[in-house]
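Welcome! Take a moment to look over the sequence and the model, and then we will walk through some of the details together.

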Amino acid sequence: GFKMTYASYDIAVMNIIKSKKDFEILLYIRNLFTYNNSEKFISATDISKEFKVSKQKVTEIINSAVSESLLMRVNRGVYRLNPFMFVPFRADAAVLQEEWKNILNRQSKQD
């Protein structure tokens, strides 16, 4: 069976960030998600230019966020923010959580 466990947002963040710059980048990514935008294309290239860091660094942060379940990859370059860890301002947590669970169920059936 497929089991969902969610660490706290704080623990995930601590596991992802290694520096103040990482934290700034992670906050920037988190803030791309809004109450009316639950899926977002995230460009490591654009973010690396914005923060003057390597694209590799941004990719590592994104990959860490995925492995910590803070982000879910739904398509190439397209991600969702885990609504069990963080809900954007004015977003409907219940709706987002239901969508998240449905996507996880579909993904686990594909494996």
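## A buried aspartate

The side chains of Asp22 and Lys57 are joined by a polar contact of 2.5 Å (a pair of N or O atoms within 3.5 Å; within protein, one must be able to donate a hydrogen and the other to accept it, and residues adjacent in sequence count only if both atoms are side-chain atoms). This is a predicted model, in which local features need pLDDT of at least 70 and side-chain atom pairs count only at pLDDT 80 or more, while totals for chains, interfaces and linings use all residues. Residues are numbered from 1 along each chain as its sequence is written, and side-chain values use heavy atoms, leaving out hydrogens and water.

Asp22 counts as buried because its relative accessibility is 4% (buried means under 20% relative accessible area, exposed over 50%, partly exposed in between, with a 1.4 Å probe and protein chains only). Leaving aside residues up to four places away in sequence, Asp22 touches Ile16, Ile17, Lys57 and Ile61 (contact means heavy atoms within 4.5 Å).

## The helix around it

Asp22 is found in helix α2. Helices (H or I, at least four residues) and strands (E, at least two) are DSSP runs, numbered from the N terminus. Helix α2 spans residues 20–30, and Asp22, Ile25, Leu26, Ile29 and Arg30 are buried there. Seen down the axis of α2, these buried residues fall within an arc of 140°, so they line one face of the helix (the arc is that of the directions from the helix axis to the C-beta atoms). Their cover includes α1 (9–16), α3 (44–51), α4 (55–67), β2 and β3.

## A sheet of three strands

Now to the strands: 3 of them form an open sheet in the order β1-β3-β2, with antiparallel pairing (two strands pair if DSSP finds at least two bridges between them). At the edges are β1 (39–41) and β2 (71–75), each pairing on one side only. From one strand to the next, the twist averages 35°. Helix α5 (residues 93–110) packs on the sheet and touches β1, β2 and β3, its direction making about 60° with that of β2 (axes are lines fitted to C-alpha atoms, for helices over the stretch in contact, and angles run from 0 to 180 degrees between N-to-C directions).

## Strand β3 and its partners

Strand β3 (residues 78–81) is joined to β2 by 4 bridges. Leu71 stands opposite Leu81 in β3, and Met72 has Arg80 as its bridge partner. With β1, β3 pairs over 3 bridges, and Lys40 stands opposite Tyr79.

Which residues of β3 are buried on its two sides? Val78 and Arg80 are buried on one side, and Tyr79 and Leu81 on the other.
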